[in-house]
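Please read it alongside the sequence and the coordinates.

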Amino acid sequence: MTCSASRAAGPRSTDSGEYRVSSIEVVQDRCVGCGLCVSACLYDAIEMVDGLAVINDNCTLCGACVDACKFDAIVLRQAQHDAVSLDEYRGVWVVAEQRNGELNDVSFELLGKGRELADELETELSAVLLGSSIAGMADELIHRGADRVHVVDDPALLNFLDEPYANVVAELITRHKPEIVLTGATVLGRSLIPRVAVQVKTGLTADCTGLAIEDGGRQLLQTRPAFGGNIMATIICPNHRPQMSTVRHKVMSALDADTSRTGEVVDETIDPGLLTSRVEFVEFVKDLTQTVNIADADVIVSGGRGLGGPENFHLIEELAGAIGGAVGASRAAVDAGWIQYSHQVGQTGKTVQPKLYIACGISGAVQHLAGMQSAKVIVAINKDPDAPIFKVATFGIVGDVFEVLPALTRALKGSAAE
Amino acid sequence: MRIVVLIKQVPDTTEVRIDRETNTLIREGVPSIVNPFDMYALEEGLRMREAAGEGTVTVMSMGPPQVEVALREALSLGVDDAVLLSDRAFAGSDTWSTSYTLAAGIRRLGEVDVILCGKQAIDGDTAQVGPGVARLLGIPQVAYVKALTLEGATCTAERMMEDGHDVLRVPLPALFTVVKDINEPRLPSLKGKMKAKKAQITVWGAADLDVDPVELGLDGSPTRVMKIFAPELKAGGVVFEGETSETVPRLVEELLPVLRGETQ
């Protein structure tokens with residue numbers, strides 16, 4: 001296992017001896033008390049005591065201080081355990097998401113990215129498709145880039161239930177040993193896949209915005225935002241397989257459907273014991289107030305505190321109506337009860353990636369930005385020229401929303417009719 | 001009825017900034033708070049106890065000793081007891097070993113009917129620990145719950161989906177992760193605060209739990225953080241100032257190609 005163990009060595013120099021349990025230590029003779037490690041620490045776990053660095057219990061052994069120290073005064077000892085035999089795992093998988101007979105676009109986007117990763121690894125791209133009476137959908141997945149589709153078609157999988165879905169995906173992973181498994185960061189994906197990752201005992205990285213293969217290796221570099229989008233982290237899964245990631249909607253690009261593409265459809269047999277669910281599905285209740293799901297919308301017009309009250313939200317609705325957009329809102333507007341939570345954009349609401357996002361009377365708190373800053377074009381309308389929203393805006397108008405919005409609606413309505 | 005609420009102490013992410021010169025987080029003066037979603041889980045636990053007319057609510061967290069502050073906040077709301085899983089051996093846990101440790105802590109409590117968590121923590125945003133704990137305990141789970149009704153030994157849960165909600169009937173014991181639609185968290189009472197100040201918090205380390213040391217902390221974590229960096233800032237845009245009669249036409253001129261799908 002020395003081969004996998006050396007692969008396991010992180011990006012930084014660590015003491016290469018063999019340890020059962022990892023640890024970190026400050027070498028007192030070398031520590032000059034410069035404090036570089038204190039500011040490098042993401043967890044506030046290092047303090048200076050009598051001119052020497054002391055590492056506290058909330059240290060997570062992330063090693064940021066080891067990199068920051070110019071005096072080699074911090075030693076991280078990483079225990080090295082027998083890893084699973086990494087070479088047995090081959091192939092890139094996408095867990096496709098279908099509900100009520102319709103495939104979610106995020107599945108096509110993942111196939112687009114998965115195709116790229118599989119080609120780079122010179123391996124195959126497979127999709128996993130679960131549901132009831134779904135066989136017809138397999139071809140769609142092949143047209144979007146899959147070489148093979150593993151289908152489990154059973155009445156027990158008609159509706160999404162965590163237990164049978166997790167059992168089936170885990171069973172297929174154990175059976176076929178893929179090296180990478182990608183899933184959409186949807187409600188379904190984010191419920192299902194953590195259960196699977198624990199079941200097959202591997203790492204899972206949520207909400208990746210970047211996926212790449214390391215130079216000259218097979219390791220997946222998974223980049224994601226953390227701390228409300230204030231920092232980006234690249235995560236690896238060195239000793240376990242598969243490497244699993246979830247990816248949000250509209251982060252990756254789908255390939256155009258190519259109906260001439262051919263592939264293999266594999267009907268998988270599953271032990272009926274794995275298909276049972278203790279949770280019983282009663283019904284699905286559609287949200288009728290929400291005509292457009294903002295997470296899917298290409299154009300979103302959002303309103304915030306600057307609108308002053310619920311009676312002014314019609315200005316947002318009218319602009320949205322004129323340009324075929326969905327209505328969004330900031331947390332402030334939702335918390336004030338002006339509009340329903342399902343419209344909230346931001347860290348505690350929905351993450352959106354539309355082609356056009358128009359923020360009206362929204363100052364642009366970090367949490368709001370975290371939910372919309374990957375929109376292609378951002379327009380800000382706000383009377384405060386110093387509002388943070390202008391820092392991420394492609395175009396902005398400093399002005400009164402009550403004047404600007406009606407004028408903009410009129411102008412765009414006229415133009416759309418051209 | 002025994003209810004366990006899992007909470008996490010997190011930095012208030014509104015306050016965390018990155019120093020673009022040194023590429024490190026600016027942590028000075030950043031307050032620690034109870035993960036906001038966990039406040040809804042705590043409230044739901046208290047409401048379930050009230051609806052059942054009996055039972056206890058236990059709050060549990062894993063982390064360094066200072067997490068005690070978060071547990072006392074939960075106690076001030078009316079939670080019956082608090083357990084802190086704290087040990088240097090837990091350091092560096094990713095979501096896998098965090099789930100493993102919390103599951104071991106819950107097992108040590110004995111029989112539990114309901115486990116509640118916030119849908120995700122605002123620092124990591126992974127939403128993985130709840131389902132992970134449920135799997136390790138071998139119990140059903142429902143994530144993104146926006147309504148819960150207790151009916152004897154089962155619960156009816158409404159799971160928020162992108163376009164509506166699923167109604168599910170769930171036998172107990174089960175784990176639920178909740179969204180903020182579910183309730184309006186209460187504020188602590190003065191009496192609650194006084195009680196919380198004096199309350200005894202149970203602290204369990206690795207030796208108190210039935211765990212394999214190799215599965216704990218960094219060693220039990222399949223994932224590693226390889227690097228951390230500042231996100232790219234969007235290039236500054238064009239801001240129009242002046243009379244609406246001037247600014248709106250200029251914006252419209254820029255937006256028309258976007259709306260017609262003419263831009264890349």
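## Pairing across the two chains

A:F281 has B:L168 as its bridge partner in β11(B). This pair belongs to an antiparallel arrangement in which strand β17 (residues 280-286) of chain A is joined to β11(B) by six bridges, where two strands pair if DSSP finds at least two bridges between them, and where helices (H or I, at least four residues) and strands (E, at least two) are DSSP runs numbered from the N terminus. The model is a predicted one, in which local features need pLDDT of at least 70 and side-chain atom pairs count only at pLDDT 80 or more, while totals for chains, interfaces and linings use all residues. Residues are numbered from 1 along each chain as its sequence is written, and chains are lettered from A and ligands numbered from 1 in the order in which they are written.

The contact between the chains takes 93 residues from chain A and 82 residues from chain B, two residues being in contact if their C-beta atoms, placed from the backbone, lie within 7 Å. On the side of chain A that touches chain B, the residues divide into 50 nonpolar, 28 polar and 15 charged; here Ala, Val, Leu, Ile, Met, Phe, Trp, Tyr, Cys and Pro count as nonpolar, Asp, Glu, Lys and Arg as charged, and the others, Gly among them, as polar.

## A covered strand in chain A

Is strand β10 (residues 180-184) of chain A mostly covered or mostly uncovered? Five of its five residues are buried, and the strand is mostly covered, a residue being buried if 20 or more other C-beta atoms, placed from the backbone, lie within 10 Å of its own. The cover extends to both faces of β10(A), with A:I180, A:L182 and A:G184 buried on one side and A:V181 and A:T183 on the other.

The partners of β10(A) include β5 (residues 92-95) of chain A, which pairs with β10(A) in the parallel sense over four bridges, and A:W93 has A:V181 as its bridge partner there. Five bridges also join β10(A) to β15(A), again in a parallel run, with A:G184 opposite A:V247.

## Domains of chain A and the fold of chain B

Chain A is divided into domain 1 (2-77), domain 2 (86-275) and domain 3 (299-416), with bounds from an automatic or database domain assignment. The C-alpha centres of domain 2 and domain 3 of chain A lie 34 Å apart, and eight residues of domain 2 are in contact with seven residues of domain 3.

Chain B has six helices and 15 strands, and 54% of its 264 residues count as buried. Among contacts in chain B between residues at least 6 apart in sequence, 69% join residues at least 24 apart.

## Backbone exceptions

Most residues other than glycine have a negative phi, and most peptide bonds are trans. The table gives the exceptions described here.

| Site | Feature | Value |
|---|---|---|
| A:R241 to A:P242 | cis peptide bond | omega about 0° |
| B:L172 to B:P173 | cis peptide bond | omega near 5° |
| A:D207 | positive phi, not a glycine | phi about 55° |
| B:D125 | positive phi, not a glycine | phi near 55° |

A:P242 is found in the loop between β14 (231-236) and β15 (243-247) of chain A, while B:P173 lies in the loop between β11 (164-171) and β12 (174-178) of chain B. A:D207 is placed in strand β11 (residues 204-208) of chain A and counts as buried because 21 C-beta neighbours lie inside 10 Å. B:D125, in the loop between β8 (114-118) and α4 (129-137) of chain B, counts as buried because 22 C-beta neighbours lie inside 10 Å.

Key. Buried ≥ 20, exposed ≤ 12 C-beta atoms within 10 Å, placed from the backbone.
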